[in-house]
Amino acid sequence: MASEQQLQAVKNAKVLMVGAGGIGCELLKTLALSGFQDIHIIDMDTIEVSNLNRQFLFRQSHVGQSKAKVAREAVLRFKPHINITAHHANVKNPEFSVEFFKKFNVVLNGLDNLDARRHVNRLCLAAEVPIVESGTTGFLGQVTVHVKGKTECYECQPKPTPKTYPVCTITSTPSKFVHCIVWAKDLLFAKLFGDKNLENDLYVRSNDSSNSSEIVGDIFERREGEDSEKYGRRIYDHVFGHNIEAALANEDTWKNRNRPKPIYIDDVLPDKLVQQNGNLEKNSTVDDTLSVSAMTSLGLRNPQDVWSLVENTKVFLESLKLFLGKRGKEIGNLIFDKDDQLAVEFVTAAANIRAASFGIPMHSLFEAKGIAGNIIHAVATTNAVVAGLIVIEATKVLLNDVKNYRMTYCLEHPSRKMLLMPVEPFEPNKSCFVCSKTPLYLEVNTYHTKLRDFVEKIVKAKLGMNLPLIMNGSALIYEVGDDLDEAMVANYEANLEKVLADLPSPVTSGTRLTVEDLQQELSCEISIKQREDFDEEKEPDGMLLSGWIQAPQVEKDDEKPVVQGESTLVVSQLVPLESEGNGEIEIIPSGTKRKLSQTSSASTSNSCGTDGNGADKKLQVIDDDDEIVVLNDWNSETNKKKKVL
Ligand SMILES: Nc1ncnc2c1ncn2[C@@H]1O[C@H](COP(=O)(O)OP(=O)(O)OP(=O)(O)O)[C@@H](O)[C@H]1O
Ligand SMILES: [Zn+2]
């Protein structure tokens, strides 16, 4: 039961909800039913059919309409007397300025991407408005509270990024199915159907074939008069037969690995492919390109079946033929899309054939699609639980009940019989460049690196700036904005093409750049250090930023993709820390174990720890034998459990 004080706080609050998707729909409903009366919603999207299974405020008839607006109307139907304002827009738009954010008592995020979350974090820091941040991935979920000066900000902790793989693992020595998927999708599919001008490592580096990439360039071209079956068979033999033979020639590679087996198509499918439903190539006037399917024409129905090598070979050939015959116009421009059935069929088949060659278990199209599209299926219940937790935390924030703030993690499997794991928030990280304004350092070859690379790879991608401005001392070297005159735009464009050392005010070793984003009201200093060489694989940007919190790469053991929707932190990174005897557990991010004693008020050394004026990091977990335990009284001195029947 909420207290009178809580009810008043809720009633008088003005809240901003960003995102009206899976979490957002649940959240808006829960806010309205909890007594909130002034709610703004921002969502840039329109409703899609695929949202309907869990975004329950939306119906079939709403497909194509604004999520924010439809969500508002749906909730007003059962709570007609509250104020809901819908903004169908990107939260990064300039209209959502720091001034706009200042109007709210708390911001509630139900977003699905890092970029927007970072942007909202910065605006909230500048506007001094607390955020309750959330994310879900299947059964996993989390709700975290961020209040300037009191808790860490959203960017104080590193965020997991999807795992990338060394090129040689993908091109030569795959050991997991996901490696075969990456090869099929990013190399083979891209080579056959994507932009031919893009560099592509689809060749095998054997000891004596230093110029093999040139030879391969010709091999992927369809020869004059070559029919699609013949072309498909030639590609098949090249990538699954000859390339593997060439790789086997590198004896050193296989000393401690299983040797792959070359696969040639005549051994698997000696006869010409005949489709069960006739040759669709002749039928190429049908316009609905996305409904074209090799599975359909081969009579393969169940996407959860694992195909045999023969079936995979047929799907490989048939999907290639269908691309050539029915989607020829797109060839050269295709980018893999998990919702493109034919693309998924091709990638599944190619990955499976490669897997067979390397002795890796094959997978169904359903599983392959999940891996290729980084899909973890959303669970409506997790969204509902998370939405409830957001409202609980928001209420505490409104009451300024700092000592009871919790970051809560929803687990997939009970840990000590608990599915919800509450943790006290950490203090601001003193080396966070966002909330603690820590200077950054960049090692770069200033004689080779263009300003464009610095802007794209560092300022935008790593620092998450939206409208950056870069200054060297008092000289402005780059700026984005609507109010620039043509001469300035031309000047900045010219600068982008110059290497750093050749800029009108040269950037060389020792230079201190100021990089700002006026919209986010964020400014940081970057000290430049000249460095000649970079490791292409480990430092693909050709630059090394430090003083910045590097995101760890995560990969689940079962080869499933990592974090869908780039949620804030994955639970697998949390380390429950047990103290001796008293049943207390502490969970801390990123695998850095700390003892409970270190988190007491005496601890000042750990940048994530408390410095004495915050609450200590103890988390009390009640020993119990119940199946599921939730904490029911967030305001009590010690959290108590409640049985879920
Ligand atoms: N920059 C942004 N500005 C406004 N809304 C955003 C922004 N980025 C993401 N969103 C919204 O956040 C919501 C996230 O919801 P959710 O994670 O359920 O994704 P979805 O797109 O609805 O579903 P799915 O991706 O699983 O098909 C989406 O409705 C999306 O439009
Ligand atoms: Zn921070």
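Residues are numbered from 1 along each chain as its sequence is written, and chains are lettered from A and ligands numbered from 1 in the order in which they are written. Because the model is predicted, local features need pLDDT of at least 70 and side-chain atom pairs count only at pLDDT 80 or more, while totals for chains, interfaces and linings use all residues.

Student: How many helices and strands are there in the protein?
Tutor: Helices (H or I, at least four residues) and strands (E, at least two) are DSSP runs, numbered from the N terminus. Counted in this way, the protein has 17 helices and 20 strands.

Student: What percentage of the residues in the protein is buried?
Tutor: A residue is buried if 20 or more other C-beta atoms lie within 10 Å of its own, exposed if 12 or fewer, and partly exposed in between, with C-beta atoms placed from the backbone. Of the 645 residues in the protein, the buried ones make up 41%.

Student: How far apart do the C-alpha centres of domain 1 and domain 2 lie?
Tutor: The bounds come from an automatic or database domain assignment. That assignment gives domain 1 (4-159 + 378-404), domain 2 (175-359) and domain 3 (440-546). Between the C-alpha centres of domain 1 and domain 2 the distance is 44 Å.

Student: Which residues come nearest to ligand 1?
Tutor: A residue is near a molecule if its C-beta atom, placed from the backbone, lies within 6 Å of it. The shell around ligand 1 divides into seven nonpolar, nine polar and five charged residues; Ala, Val, Leu, Ile, Met, Phe, Trp, Tyr, Cys and Pro count as nonpolar, Asp, Glu, Lys and Arg as charged, and the others, Gly among them, as polar. Of the 21 residues around ligand 1, those that come nearest are G19, G21, G22, D45 and D112.

Student: Why is one side of β12 and of β15 left without a neighbour in the sheet?
Tutor: Two strands pair if DSSP finds at least two bridges between them. The open sheet has six strands in the order β12-β11-β13-β14-β10-β15, with mixed pairing. Strands β12 (475-479) and β15 (543-546) stand at its edges, so each has a single partner strand.

Student: Which residue in β14 is the bridge partner of T514?
Tutor: Strand β13 (residues 512-517) pairs with strand β14 (residues 522-530) in the antiparallel sense, over six bridges. In β14, the partner of T514 is E525.

Student: Is E128, which has a positive phi, buried or exposed?
Tutor: Most residues other than glycine have a negative phi. E128, in the loop between α5 (114-127) and β5 (131-137), has a positive phi near 55°. Because E128 has 12 other C-beta atoms within 10 Å, its class is exposed.

Student: What is the phi of R416?
Tutor: R416 lies in the loop between β8 (407-415) and β9 (418-423). R416 is partly exposed, with 14 other C-beta atoms within 10 Å. Although R416 is not a glycine, its phi is positive, at about 50°.

Student: Which residues does E412 touch, not counting those up to four places away in sequence?
Tutor: E412 lies in strand β8, and is partly exposed, with 15 other C-beta atoms within 10 Å. Two residues are in contact if their C-beta atoms, placed from the backbone, lie within 7 Å. With that limit, E412 touches F139 and L140.
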